[in-house]
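Q: I am new to this structure and would like to learn how to read its strands and helices. May we begin with the terms and then turn to the case at hand?

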Amino acid sequence: MSLTSAATLATLDKNRPATDHRSGGGRGVTQPAITVLVRVMEESGLVERKGDPSDKRVTLVCLTEAGASYVRTRRQTGVDAYAR
């Protein structure tokens, strides 16, 4: 998984749900690139898109359980590596 993908998942874990644009986490990623990234992660089962109940024009990006599990595992791996 690319660092951008992992960072996007971490951003969604902290700020869920988010719009496609906000899911980039301010990392200088263009809107078209985020759209493609979200589509690929959606196809991989890591995120899902949902309509915003308060604004039907907005699509929200949410972590799936698989996406949340990936973020937890990656964080724990970092903690374990630091502890060693």
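A: Two strands pair if DSSP finds at least two bridges between them. The model shown here is predicted. In strand E3, Leu63 is the bridge partner of Val47.

Q: In which sense do E2 and E3 pair, and over how many bridges?

A: Strands of a sheet pair through backbone hydrogen bonds, either parallel or antiparallel. Here, strand E2 (residues 47–52) pairs with E3 in the antiparallel sense, over 6 bridges. A hairpin through 2 residues joins E2 to E3.

Q: Over how many bridges do E1 and E3 pair?

A: Strand E1 (residues 18–19) and strand E3 (residues 55–63) pair over 2 bridges, in the antiparallel sense. Ala18 stands opposite Val61 in E3.

Q: In what order do the 3 strands form the sheet?

A: The order is E1-E3-E2, in an open sheet with antiparallel pairing. E1 and E2 each have a single partner strand and stand at the edges, so one side of each is left without a neighbour in the sheet. Helix H1 packs on this sheet and touches E1, E2 and E3; the direction of H1 makes about 110° with that of E3.

Q: How is the packing of H1 and H2 to be read?

A: Two packed helices are described by the angle between their axes and the distance between the axes. The axes of H1 (residues 3–14) and H2 (residues 31–43) cross at roughly 80° and come within 11 Å. The two helices are therefore roughly perpendicular to each other.

Q: Which residues in H1 and H2 meet?

A: From H1, Thr4, Ser5, Thr8 and Leu9 meet Ile34, Leu37 and Met41 in H2. The residues of this contact divide into 4 nonpolar, 3 polar and no charged.

Key:
Residues numbered from 1 in each chain as written. Predicted model: local features only at pLDDT ≥ 70, side-chain atom pairs only at ≥ 80, totals over all residues. Heavy atoms only, no water. Axes fitted to C-alpha atoms, helices over the stretch in contact; angles between N-to-C directions. Helix = DSSP H or I, 4+ residues; strand = E, 2+ residues; numbered from the N terminus. Parallel < 35°, antiparallel > 145°, perpendicular 65-115°, else oblique. Contact = heavy atoms within 4.5 Å. Nonpolar A, V, L, I, M, F, W, Y, C, P; charged D, E, K, R; others polar.
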